[in-house]
Amino acid sequence: MAPVQINPSILSADFANLERELQAIASADFVHVDVMDQHFVPNLTLGLPVVRRIAQVSPVPLDVHLMIEDADRWAPQYAEAGAASVTFHAEATQAPVRLARELRAGGVRAAVALRPATPVEPFLDLLGELDMVLVMTVEPGFGGQSFIEGTLPKIRRTRQAIDAAGLATSVQVDGGVSRDTIAGIARAGANVFVAGSAVYGADDVAGEIAALRRLAEAPPTLV
């Protein structure tokens with residue numbers, strides 16, 4: 001399985017001191033940047049100019065998660081803005097394979113995201129076109145939600161299909177990731193973990209990233 005990655009989400013950061021908040025997660029693998037358009041999801045966050053500036057000052061690469069309509073049009077522009085990884089929602093694209101190929105041709109990691117109720121099965125034959133599958137474990141659009149246990153079987157099916165195909169595709173989880181949930185998520189087969197409030201709500205941000213990494217790399221065995 002691909003190496004464990006911890007990607008803190010700046011959705012839970014102090015936006016008035018964003019550069020400081022980015023420096024606080026220098027020990028992470030990526031910074032998870034949530035882009036919301038108030039149409040695909042009800043919330044509104046930030047867009048291309050802010051992502052471009054974040055890419056200039058971030059100590060770690062950008063993992064951009066587009067929760068926006070018309071991903072086919074907009075996703076390549078976020079790659080051009082400096083993202084190292086761009087995730088588009090299956091529910092917001094007309095041509096996912098074409099979009100993934102366009103992103104990868106531009107030198108960035110291409111990923112598809114699935115809402116909790118969106119099945120993974122239509123994408124299992126397309127895994128070779130993707131660098132990562134993001135299984136949303138909360139409804140997209142808001143931080144601080146509780147993990148949906150019912151998404152664990154989807155994570156397992158995704159990992160099993162990747163392994164059966166002999167691929168290096170990563171499985172990312174976003175939503176309710178914390179010290180209480182990360183081990184179970186890792187056992188299900190995820191290797192990339194987005195944590196927002198768990199990281200930025202901690203007194204020791206670097207220590208929390210390290211703790212989450214330890215739990216994901218060596219989850220305790222269930223008795």
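Guide: Two strands count as paired if DSSP finds at least two bridges between them. With that in hand, take β6 and strand β7 (residues 170–174) in this predicted model: the two pair in the parallel sense over five bridges.

Visitor: Which residue stands opposite Gln172 in β7?

Guide: Leu134 stands opposite Gln172.

Visitor: What is the sense of the pairing between strand β5 (residues 109–114) and β6, and how many bridges does it have?

Guide: The pairing of β5 and β6 is parallel, with four bridges. Val112 has Val133 of β6 as its bridge partner.

Visitor: How do I read the buried positions of a helix?

Guide: An α-helix has 3.6 residues a turn, so residues three or four places apart point the same way. In helix α2 (residues 48–57), the buried residues are Leu48, Val51, Ile54 and Val57.

Visitor: Now single residues. Is Pro8 buried or exposed?

Guide: Pro8 has a relative accessible area of 0%, so Pro8 is buried. Its place is in strand β1 (residues 5–8). Beyond residues up to four places away in sequence, Pro8 touches Ile25, Ala28, Phe30, Val31, His32, Ala195, Val199, Tyr200 and Ile209.

Visitor: How far apart in space are Pro8 and Leu126?

Guide: From C-alpha to C-alpha, Pro8 and Leu126 are 27 Å apart, with a sequence separation of 118 residues.

Visitor: Why is Arg213 classed as buried?

Guide: Arg213 is buried because its relative accessible area is 17%, and the cut-off is under 20%. Arg213 is found in helix α8 (residues 205–217). Apart from neighbours within four places in sequence, the contacts of Arg213 include Val4, Gln5, Ile6 and Asp29. With the side chain of Asp29, the side chain of Arg213 makes a polar contact at 2.8 Å.

Visitor: Which charged residues sit over the rings of Phe30 and Phe40?

Guide: Arg109 lies over the face of Phe30, 4.6 Å from the ring centre. For Phe40, the charged end of Arg115 sits over the ring, at 4.8 Å from its centre.

Visitor: And rings with rings: how many aromatic pairs does the structure hold?

Guide: A pair of aromatic rings is described by the distance of the centres and the angle of the planes. The structure holds zero such pairs.

Visitor: What is the phi of Gln38?

Guide: Gln38 has a phi near 65 degrees, which is positive in a residue other than glycine. Gln38 lies in the loop between β2 and α2. At a relative accessible area of 47%, Gln38 is partly exposed.

Visitor: Where is Asp70 placed, and what is its phi?

Guide: Asp70 is in the loop between β3 and α3. Its phi is positive, about 55 degrees, although Asp70 is not a glycine. Asp70 counts as partly exposed, with 39% relative accessibility.

Notes. Residues numbered from 1 in each chain as written. Predicted model: local features only at pLDDT ≥ 70, side-chain atom pairs only at ≥ 80, totals over all residues. Heavy atoms only, no water. Buried < 20%, exposed > 50% of the residue type's maximum accessible area, 1.4 Å probe, protein only. Polar contact = N/O pair within 3.5 Å; in protein donor to acceptor, adjacent residues only side chain to side chain. Contact = heavy atoms within 4.5 Å. Phe/Tyr/Trp six-rings, centres within 6.5 Å; stacked < 30°, edge-to-face > 60°. Lys NZ or Arg CZ within 6 Å of the ring centre and 35° of its normal.
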